[in-house]
Amino acid sequence: MNHIVLIAAIGLLPTTAVFAQTASAPLIVVEDRGGASALPYYRSLNPQPDQATPPAPMPGPRAGNAADAEAAMLPVRSTQLSPGEVQRRVIRAPGLTALFLIGDDERSRAWLRQRQAALRDLQAVGLVVSVESMAALTALRRLAPGLTLSPASGDDLAERLGLRHYPVLITSTGVEQ
């Protein structure tokens, strides 16, 4: 990541130098025909706030709880993923936090029951990539207390990692079921 920022900064150096040279050069007037000031036109727009009139109150953000926000994200459907078998393979993703993808289906529920202790040991974060309702998400959470399960589409991750099926565990060194 730091290499990308460094490369981008080096690439912008010539552009910055051009802007610095332009800013220090005196302006050249190409043509000035004189004429009347445009200020009267701008006064009708009233660009300065009137001190006598207090500004209209802006409505604050609607305060809701996390459950409301989460329920608003449902249903979640990942079009590129479906329940199925995943072949174990090695990947190199240093620094990647362990995460797993599940859905609201029998295969995912059985996998979650079977692997929950190992997932807790890894401090893995779960993404529920296929769930229809808050009740279904709550039922999945009851199966694995102590694990974080968040609804999220898995399509982008599936594309990046070449995944087609879930449930799956993704660590910095591999993809496995």
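Throughout this report, two residues are in contact when they have heavy atoms within 4.5 Å. With that cut-off, and leaving aside residues up to four places away in sequence, Leu119 touches Phe100, Trp111, Leu112, Ala124, Leu147 and Leu169.

First, some ground rules. This is a predicted model, in which local features need pLDDT of at least 70 and side-chain atom pairs count only at pLDDT 80 or more, while totals for chains, interfaces and linings use all residues. Residues are numbered from 1 along each chain as its sequence is written, and side-chain values use heavy atoms, with hydrogens and water left out.

## The chain as a whole

The protein chain has 6 helices and 9 strands. Both are DSSP runs numbered from the N terminus: helices are H or I with at least four residues, strands are E with at least two. Of the 177 residues in the protein chain, 26% are buried. Here buried means under 20% relative accessible area, exposed means over 50%, and partly exposed is in between, with a 1.4 Å probe and protein chains only. Among the contacts in the protein chain with a separation of 6 or more, 80% are between residues 24 or more positions apart.

## Helix α4

Helix α4 covers residues 106–122, which is 17 residues. From the first C-alpha to the last, α4 reaches 23 Å, close to the 24 Å expected at 1.5 Å a residue; the expected span is 1.5 Å times one less than the number of residues. There is also a bend of about 60 degrees in α4 at Arg115, taken as the angle between axes fitted to the seven residues ending there and the seven starting there.

At the start of α4, a side-chain oxygen of Asp105 comes to within 3.2 Å of the backbone nitrogen of Arg107. A polar contact is a pair of N or O atoms within 3.5 Å; within protein, one must be able to donate a hydrogen and the other to accept it, and residues adjacent in sequence count only if both atoms are side-chain atoms.

Which residues of α4 are buried? They are Ser108, Trp111, Leu112, Arg115, Gln116 and Leu119. The buried residues of α4 pack against β4 (99–103), α5 (134–143), β6 (148–151), β7 (165–166), β8 (168–170) and β9 (174–176).

## Cores and an aromatic pair

A nonpolar core is a set of buried Ala, Val, Leu, Ile, Met, Phe, Trp, Tyr and Cys residues joined through side-chain atoms within 4.5 Å. The largest such core has 18 residues, and the members that touch the most others are Phe100, Ile102, Leu112, Leu119, Val128, Val131 and Leu149. Two or more residues of this core come from each of β4, α4, β5 and α5. Another core, of 13 residues, lies apart from it and includes Ile91, Leu99, Leu161 and Ile170. In soluble globular proteins, nonpolar side chains tend to be buried together.

A search of the whole structure turns up 1 aromatic pair. Phe100 and Trp111 form this tilted pair, at 5.9 Å centre to centre with 50 degrees between the planes. Phe100 belongs to strand β4 and Trp111 to helix α4, so the pair ties together parts that are 11 residues apart in sequence. Rings of Phe, Tyr and Trp (its six-membered ring) pair if their centres lie within 6.5 Å; planes under 30 degrees apart count as stacked, over 60 as edge-to-face and the rest as tilted. Both Phe100 and Trp111 are buried.

Ala136 counts as buried because its relative accessibility is 12%, whereas Thr138, at 28%, is partly exposed. Not counting residues up to four places away in sequence, Ala136 touches Asp104 and Val131. The side chain of Thr138 reaches the backbone oxygen of Met134 at 2.8 Å. Their C-alpha separations from two other residues are tabulated here.

| C-alpha pair | Residues apart along the chain | Separation |
|---|---|---|
| Ala136 and Asp105 | 31 residues | 9.8 Å |
| Thr138 and Leu149 | 11 residues | 9.3 Å |

## Backbone details

Gln123 follows α4 and is found in the loop between α4 and β5 (125–131). Although Gln123 is not a glycine, its phi is positive, about 55 degrees. Gln123 is exposed, with a relative accessible area of 64%.
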